[in-house]
Amino acid sequence: MDFMSDSIAGGRRFRTLNIIDEYTRECLALEVDLNIGGLAVTRTLERLINRRGKPERILCDNGPEFTSRALDQWCYLNDIKLCFITPGKPIENCFIESFNGRFRDECLNLNWFMSLREARKTVERWRLEYNEIRPHSALDDMTPIEFYQLYDEGEEKAELLRASG
């Protein structure tokens, strides 16, 4: 996960919390708000866990929201390993950095947001297109959603085999 920022037409800055699944390349969340602190990060992660299950680890940089007591405590209570990249080495989090570049080029740089509400709607439309329409060469030209469904179906079959055997 990582943060980015942009601005509304009047000059007011907003931030995005970008969370991707490194395996499926799916963008799980693109939260847009004026301020996103550690507690807001935990709320987003809690929502994702309820929808997709718990990850073993979360990789992020050393920003204050990610090193906050709120996130540290939440990860501890949920038995999730919080992994930090080396300061000044964004290449250690290459999947999110690649995603951020696409998001900047294809969404943030191409739109002039008149309001925070408009930014949220535009960003969510872009996220859905990224996940559901755009094929990824790293996923054998499947979309992240197609790849996840294939993976999820394989996991269900494996569970059935283990249960029956």
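1. The sulfur of C60 lies 7.8 Å from the closest cysteine sulfur, that of C75, which is too far for a bond. A disulfide here is a pair of cysteine sulfur atoms within 2.5 Å. For C94, the closest cysteine sulfur is in C83, 14 Å away and also too far for a bond. The structure holds zero disulfides.

2. This is a predicted model, in which local features need pLDDT of at least 70, side-chain atom pairs count only at pLDDT 80 or more, and totals for chains, interfaces and linings use all residues. Residues are numbered from 1 along each chain as its sequence is written, and side-chain values use heavy atoms, with hydrogens and water left out.

3. The two cysteines can also be described by accessibility. C60 is buried, at a relative accessible area of 0%, whereas C94 is partly exposed at 37%. Buried means under 20% relative accessible area, exposed over 50%, and partly exposed in between (1.4 Å probe, protein chains only).

4. Strand β1 (residues 2–7) pairs with β2 in the antiparallel sense over six bridges. Strands (E, at least two residues) and helices (H or I, at least four) are DSSP runs, numbered from the N terminus, and two strands pair if DSSP finds at least two bridges between them. S7 has R13 in β2 as its bridge partner. Five residues lie between the strands of this hairpin, where G11 takes a positive phi near 100 degrees.

5. β4 pairs with strand β5 (residues 81–84) in the parallel sense, over four bridges. I58 has L82 of β5 as its bridge partner. Together with helix α2 (residues 69–77), β4 and β5 make a right-handed β-α-β unit. Right-handed means that, with the strands pointing away from the viewer, the path from the first strand over the helix to the second runs clockwise.

6. Two contacts link parts of the chain that are apart in sequence. N100 is found in helix α3 and is buried, with a relative accessible area of 6%. Its C-alpha atom is 8.4 Å from that of D2, although N100 and D2 are 98 residues apart along the chain. A40, found in helix α1, is buried at 19%. A40 and A70 are 30 residues apart in sequence, with 9.2 Å between their C-alpha atoms.

7. The largest pocket has about 780 Å³ of space. Of its 25 lining residues, D21, L28, P55, E56 and R57 are the closest to its centre. A pocket is an open set of points on a 1 Å grid over the protein atoms alone, where a 1.4 Å probe fits, with protein on both sides within 12 Å along at least five of seven lines; lining residues have an atom within 4 Å of a point. Grid points are joined across faces, edges and corners, and a volume is the space filled by probe spheres set on the points.

8. β2 (13–20), α1 (38–52), β4 (57–60) and α5 (144–164) each supply at least two residues of the lining of the largest pocket. α1 gives the most, four residues. By class, this lining has 16 nonpolar, three polar and six charged residues. Ala, Val, Leu, Ile, Met, Phe, Trp, Tyr, Cys and Pro count as nonpolar, Asp, Glu, Lys and Arg as charged, and the others, Gly among them, as polar.

9. The second largest pocket has a volume of about 170 Å³. It is lined by 13 residues, of which R25, S98, R102, Y130 and H136 are the closest to its centre. Helix α3 (residues 94–108) gives the largest share of this lining, five residues.
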